[in-house]
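The following note sets out numbered remarks for a colleague who is examining the model. Each remark treats one site or one group of residues.

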Amino acid sequence: MSREAPPDLTSMLFVPASRPRMIEKARTLPAPAVIFDLEDGVGVGEKRSAREGLVAALAGGWPPTGPVPFVRVNGTTTEHFEEDLRAAAACLPYGVCLPKCESPADVEQAVVMLREFEPGVGIRLLPFIESALGILNAAAITSASDLVVAVALGSEDLAADMGLRRTVEGHELAYFRGVVATAARATGAIPIDGVFVDFNDPNGLERDAATGRALGFGGKQIIHPSQLGPVARAYAPTDAELERARRIVEAFDEAEREGRGVVVVDGRMVDRPIVLQARRLLSTAGQRAE
Ligand code: COA
Ligand code: MG
């Protein structure tokens, strides 16, 4: 099945569904996407009220020019799953986030139930991979359904499951980031990097987001509106990168017209894969500018 144009998911802001003020605020924030959270952002005693409050808050619709809306339900093995999914479907979000996915069956179960609950609008899915078993089954999870539009790394849950020692630099995540990014790209889904919990450290966040982008991620989960700027800066190509990409494409096109496959730009070899990287950078920048 061919996929529609992917949405901009460079920043996905978590909004706890138990916080009506934050839900209201989310309508007008310049966030590319928001995730209304029924899972770990909501206390165990607030699950039902958060679910009902979210449905009521979104009953009047969502601004078409607002952030792309997602709802994160509790996991398939929890007592909340079915009611959460029913509520999520009633909110008519762009997508439903499925936490703690460990096998394709988690995605398949959501597909079957959503088909029953939603009125045929084609709600997409965003599985979270956040356990050792999830990492082992990452490729099977991302390819479980054509509805999977993006895949998120849940780095803090994964750290708990794996016994990782978290650092600000995040070197301990490199392998897991690579697995999730690869599994997502292999199926045409957008890989979404984990949160950076210190929302008072914009420079640390920008470095962390840049590392994720360099490893192939297409966006990042965030927890506070103040994190929008640093992540946007990390994901936007710089003027220098764009300028270099244009020169690479021009030089290569000219070389090809002359029958050559390799050129030198700024003292560096440029061949087909380098040109593909440059074209990709230019097309991503073009999409964001629209
Ligand atoms: N979504 C929407 N608005 C948010 C927001 C969010 N995630 N976080 C903060 N805001 C708003 C606040 O409502 C406040 O606006 P207001 O003064 O107009 O009401 C403004 O931004 C400043 O908030 P601030 O006082 O700095 O934040 P806080 O101390 O109240 O909350 C957190 C800090 C971390 C608790 C809060 O940002 C949050 O709940 N984030 C999401 C956490 C989450 O979902 N975790 C689970 C997934 S990892
Ligand atoms: Mg998690």
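This is a predicted model: local features need pLDDT of at least 70, side-chain atom pairs count only at pLDDT 80 or more; totals for chains, interfaces and linings use all residues.

1. Ligand 1 and its surroundings. R21 places a polar side-chain atom 2.4 Å from an oxygen atom of the ligand. H224 likewise has a polar side-chain atom at 2.8 Å from an oxygen atom of ligand 1. In the case of I223, a polar backbone atom lies 2.8 Å from a nitrogen atom of the ligand. Ligand 1 has 900 Å² of accessible area on its own, and the protein covers 63% of it.

2. Strand β1 at S11. S11 belongs to strand β1, which comprises residues 11-16. Its relative accessibility is 2%, so S11 counts as buried, the cut-off for that class being under 20%. What does S11 touch, leaving aside its neighbours within four places in sequence? The contacts of S11 are P32, A33, K220, I222, L228 and V231.

3. Helix α3 at D84. D84 is located in helix α3, residues 81-90. With a relative accessibility of 1%, D84 is classed as buried. When residues up to four places away in sequence are not counted, D84 touches L38, R51, V73 and N74.

4. L92 is not a glycine, yet has a positive phi of about 50 degrees. L92 is found in the loop between α3 and β4 (95-98), and its relative accessibility of 48% makes it partly exposed. K100, also not a glycine, has a positive phi of about 55 degrees. The loop that holds K100 runs between β4 and α4 (104-117). At 34% relative accessibility, K100 counts as partly exposed.

5. Helix α7. Which residues of helix α7 (residues 155-162) are buried? They are S155, L158 and A159. Why do they fall on the same side of α7? Their directions span an arc of only 105 degrees around the axis, and therefore these residues share one side of the helix. After α7 comes G163, with a positive phi near 75 degrees.

6. The pair E172 and R166. The model contains 23 salt bridges. One of them joins E172 to R166, with the closest N and O atoms 2.7 Å apart. Are the two partners buried or partly exposed? E172 has 17% relative accessibility and counts as buried. R166, at 31% relative accessibility, counts as partly exposed.

7. A salt bridge connects D193 with R177, and their closest N and O atoms are 2.9 Å apart. This pair ties together distant parts of the chain: D193 is in strand β7 (residues 190-193) and R177 is in helix α8, 16 residues apart. Both D193 and R177 are buried.

8. The side chains of R233 and E206 form a salt bridge at 3.0 Å, N to O. Here too, distant parts of the chain are linked: R233 lies in helix α10 (residues 228-235) and E206 in helix α9 (residues 202-214), 27 residues apart. E206 has 26% relative accessibility and is therefore partly exposed. Elsewhere, salt bridges with shared partners join D37, E39, D40, R72, K100 and D157 into one network. K100 is the residue already listed for its positive phi of about 55 degrees.

How values were computed: Residues are numbered from 1 along each chain as its sequence is written. Chains are lettered from A and ligands numbered from 1 in the order in which they are written. Side-chain values use heavy atoms; hydrogens and water are left out. Buried means under 20% relative accessible area, exposed over 50%, partly exposed in between (1.4 Å probe, protein chains only). Helices (H or I, at least four residues) and strands (E, at least two) are DSSP runs, numbered from the N terminus. The arc is that of the directions from the helix axis to the C-beta atoms. A polar contact is a pair of N or O atoms within 3.5 Å; within protein, one must be able to donate a hydrogen and the other to accept it, and residues adjacent in sequence count only if both atoms are side-chain atoms. Accessible areas come from the Shrake-Rupley method with a 1.4 Å probe; for residues, only the protein chains shown count as cover. A salt bridge is a side-chain nitrogen of Lys or Arg within 4 Å of a carboxyl oxygen of Asp or Glu. Contact means heavy atoms within 4.5 Å.
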